[in-house]
Amino acid sequence: MDIALYATFWALVPPLVAIILALITKEVYSSLFAGIVVGGLLYSGGNPVGMLNHVFQDGLIASLSDSYNVGILVFLVFLGIIVALMNKAGGSAAFGKWASKHVKSRVGAQLATIVLGCLIFVDDYFNCLTVGSVMRPVTDRQNISRAKLAYLIDATAAPICIIAPVSSWAAAVSGFAPEGTNGLMLFIRAIPYNFYALFTILMMVTLTILKIDFGPMARYEKNAMNGDLFTVKTNISETKEEETETKGTVIDLVLPVVSLIIFCVIGMIYTGGFFDGESFVDSFANSDASVGLSYGSFAAIVFTLIMFMARRVLSFKDCMSCVEEGFKAMVPPITILSLAWSLKAMTDSLGAADYVASIVDKSQGSMMNFLPAIVFLIACFLAFATGTSWGTFGILIPITLKAFPLESGNTLAIVCVAACMAGAVCGDHCSPISDTTIMSSAGAQCNHISHVSTQLPYALTAAGVSFLVYIIAGFVQNVFVCLFVGAAMTIGLMFFLKNVLSENIGEPKE
């Protein structure tokens, strides 16, 4: 390859090409593949043969042969099968009817979605697809757009996982901490300074209670109240609830979901050595989320099959037909994820990590107090361009801790680590090639580009508030002052948008 391109801005060109094309064409498959091809051409110096080798051998094939990635794909297929089983048994329809009697407003349906999203903090993939499958019938009955559901799912997936000490994200951050550092304690100390996650959740609740929406989301919500939940149709094959009479009850949705949560937690702590004597917290910190989620989802399938057949809700033949249905429903997100992983491989091979490291190094010195805000912006851009929060953690956290050794007791080190995590979640939240964004679209069964375009103004609003608070944190370094100022800014901005800029969204007319 042309060494002159390595660790330069060119390393970020392939994902930028994919993102720009996706936003222009509204078509994600060809856009991702175009980004991959650009990465291959840059790596090979324009040699077509070298480009093909790099794209397929080092990109697509390498990404799909990575054991962690394969485990995530297995988990997605198993989750699709469980959703298909619940739908065929009538559990989703029964839950929808039950919820329609108890959740009688749009605000109630949205708050219920937020609460469920906050309760499922173990893993963001698990969160996206589980919350989506459970809440779709409820939000559909209240004429809430699929784009709004996708936003609620996405805004409680990564943001809640990044402030939950018992989660796959806490395990990931712990693993990126330098040798000799207690990674989990570092994660816990950074939670109060994780402004983007905290203010996103606050903003989401405030928007819901005030009944406002702005930007493209306002149009989607107006259309939904007139009966059009999609505005732009999705290419995801939705598994429909059975129209015929079934023996399904609410328990046929609740028990599979509860078993999925329990078995996934057990699977994760098992991979972390809990049954070999490790503590619960340490086993989570050392867990392999990919393998643990695969174990847990498979155990949940077995439990669900036994429960349905024992109660004669479904026959064995009906259960087996759900295997194909569940797999089909997950083909679009699996395809997008596979392409997104391949695009990340192209970016890595061009030295994106080294390029970003050089930018952070240049930001030290006279701008020391502004460094939390600078790290936040760099993490936002890197996660947006590459579509990965975890990759951003791996690049920036070690660099940040070199600049601010924890041994010195410098609070600025914790603030900068939190800024890195917050920025990574923010960029991931905005990026159309992010796996969590893709999973949120799949969970809501919403058009992917619709989800990205409607969510972006909301995410940028929370990001703007967070950036200003990180500037304050660089000088004040008092978490209570920062949280108070940030919360006041968030709520005040929501009232401002309601009264001046936003489209007011009320209850649908009878």
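User: How are H4 and H7 oriented to each other, roughly parallel or oblique?

Analyst: This is a predicted model, in which local features need pLDDT of at least 70, side-chain atom pairs count only at pLDDT 80 or more, and totals for chains, interfaces and linings use all residues. Residues are numbered from 1 along each chain as its sequence is written, and side-chain values use heavy atoms, with hydrogens and water left out. The axes (lines fitted to C-alpha atoms, for helices over the stretch in contact, with angles from 0 to 180 degrees between N-to-C directions) of helix H4 (residues 67–89) and helix H7 (residues 124–141) come within 11 Å and cross at roughly 15 degrees. Angles under 35 degrees count as roughly parallel, over 145 as roughly antiparallel, 65 to 115 as roughly perpendicular and the rest as oblique, and H4 and H7 are therefore roughly parallel.

User: Which residues in H7 meet H4?

Analyst: Contact here means heavy atoms within 4.5 Å. From H4, the residues Ile-72, Phe-75, Leu-76, Leu-79, Val-83 and Met-86 take part, and they meet, in H7, Tyr-125, Phe-126, Leu-129, Thr-130, Ser-133 and Arg-136.

User: How are H5 and H7 oriented to each other, oblique or roughly parallel?

Analyst: The axes of helix H5 (residues 91–102) and H7 come within 9 Å, crossing at roughly 45 degrees. Ser-92, Ala-93, Phe-95, Gly-96, Lys-97, Ala-99 and Ser-100 in H5 meet Ser-133, Val-134, Pro-137, Val-138 and Arg-141 in H7. Given that angle, H5 and H7 are therefore oblique.

Terms used. Helices (H or I, at least four residues) and strands (E, at least two) are DSSP runs, numbered from the N terminus.
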